[in-house]
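Me: Could you give me a close look at a single part of this model? I'd like a plain walk-through, with the cut-offs spelled out.

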Amino acid sequence: MSKDAEIDMKDVELNELDPEKQPMTGDGPAAGGEKNGSVKLKVPEDEVKFTGLSKEELMKVAGTPGWVRTRWVLLALFWLGWVGMLAGAIVIIVQAPRCKPIPKMNWWNHGPLYQISDLNAFSSNGIKGVQDNLDSINQLKVKGLILGPLHTVQPNQLQTLDFRQIDPTQGTKEQLVALLEQAHKKGISVVLDVTPNYLGGDAWFSSNDRADVLEKLQAASEYWIDVGIDGFKISDLQSASSSPDWPKLQAAVQGNDTEGSSERLLMGVVEGVAAPEVSQLLNTSGVGLILSDLLSTDTGGVERIQAIDTLLNNEQTGLGWGLGAARGVHLSREAGTPALVRLYQLLLLTLPGTPVFTYGDEIGLRAQGAGSPMMLWDIEKEPAEGSVVNETAEAERKEHLACRKWFKSVSDLRTKERSLLHGDYYSLQSSATSLAFLRLWDQSERYVTAVNWGSVSTAITLKPTGELKLPEQLKVKLSSNPDVAVDSMVDLDKITLEPGHGLLLQFPFTG
């Protein structure tokens, strides 16, 4: 055998002994004699397992001085950190500013009151119509309805007066009970206007009849409270409260609260009474709310701000504000123009106290003649496509719709913001046709109301007194003038109000 043949035979023997060196690419040898891809595995004969320390070994190591010191150091650091965090939390709590306690408020302080003197003008279905439209009323954030008068009486004839009997042209007792149930479910209270001689001259017939009328009213109030009525509106409060029998009515209404029920409202109305006398009457009569016509009789900005300051000096929750509401007329008659309707809506809804509106004030409803205007319920209905459109009527419809949207936005903001709901009041500016005031509460957002009901533009200067401070710029929260954009910033020293323009400005609490 030649030497070359012996070498070839050795290669064959090696390939048979080492199969792991065979190519992984196929059954035969790699092309060109290459052995790339060959893998050789080595399997250990004995597997090594980690068993860790035994209990005795672990205890022996743990007891060494180094580990003992380490454990004590870690324990000390833990408790020091815990005590430090506790001390820090206590310091933060102690140094944090205290929240101002919320003042005591009754249900009539949480939203506007909505009076419907003529139920058949509000809806052709009387009391039933009011119930049918509760959802629309509830959208205005109304907290109370003032209905009527509903009782039966002949003009100037005391012997025909019956507070317990509902005028059949207005509805029935059963319908009133159903209305009460639905209103209460929506968080709306119901007040009865119990003006005795509402169809005649003197509201109390005569001064000689006052005692007899109050006696009848006392008995009727207990009757209606049992039915579910939440309060009573008393006209000519001066005359009624001066009677020796007035405390009996007051006790019958305000002392008839049952456990778990809301407080009953005894509401008085005064007309032609100056601010100091209104304030005194509020303190002496014991009514929960007094509605005056001060904003109607005082038409100048200086006079209005003085009257407001006088009344708000010691009291907020017992004051009712209206423009025409005390006399039962609509806001549009007092305002004159749609722009001023929105301006006075803003003013009434941002003053401290309770705003009182007459039905239709939310849309700027206008009275036609001496009678009560019919409420408009179809303002959201668009004209049919292709129909002939009365441009004047369509413009009025859109104005009513825009007015209601504005009312809802202001009323909704009032219910959400503490500064507007029960915040402190500070007068800032007044002129012949304008005024401005500040509302703030604790750490809540602050609001400035500025209105100009004059016929010319006016620049207002906001001058806070005492320790009050205003930022250099304020954000526009609401504006009745479309040229002043919402969320835009205005400089404090460059605020100009156009005729009929109302502004609600906002700035944050800064600590």
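To get my bearings, which helix does Trp79 lie in? Then take me around helix H11: which of its residues are buried?

Reply: Trp79 sits in helix H3, residues 65–95 (helices are DSSP runs of H or I, at least four residues, and strands are E runs of at least two, numbered from the N terminus). This is a predicted model, where local features need pLDDT of at least 70. Residues are numbered from 1 along each chain, and side-chain values use heavy atoms. Trp79 is partly exposed at 46% relative accessible area (buried is under 20%, exposed over 50%, partly exposed in between, with a 1.4 Å probe and protein chains only).

Now for H11, which spans residues 275–285. Its buried residues are Ala275, Val278, Leu281, Leu282 and Ser285. They land on the same side of H11 because they cover an arc of only 120 degrees around the axis (the arc is taken from the directions from the helix axis to the C-beta atoms). As background, an α-helix has 3.6 residues a turn, so residues three or four places apart point the same way.

What sits over the buried residues? The cover includes helices H9 (237–241), H10 (246–254), H12 (294–297) and H13 (301–311), along with strands E8 (289–291) and E9 (319–321).

For scale, the protein has 17 helices and 18 strands, and 43% of its 511 residues count as buried.

Notes: This is a predicted model: local features need pLDDT of at least 70, side-chain atom pairs count only at pLDDT 80 or more; totals for chains, interfaces and linings use all residues. Contact means heavy atoms within 4.5 Å.
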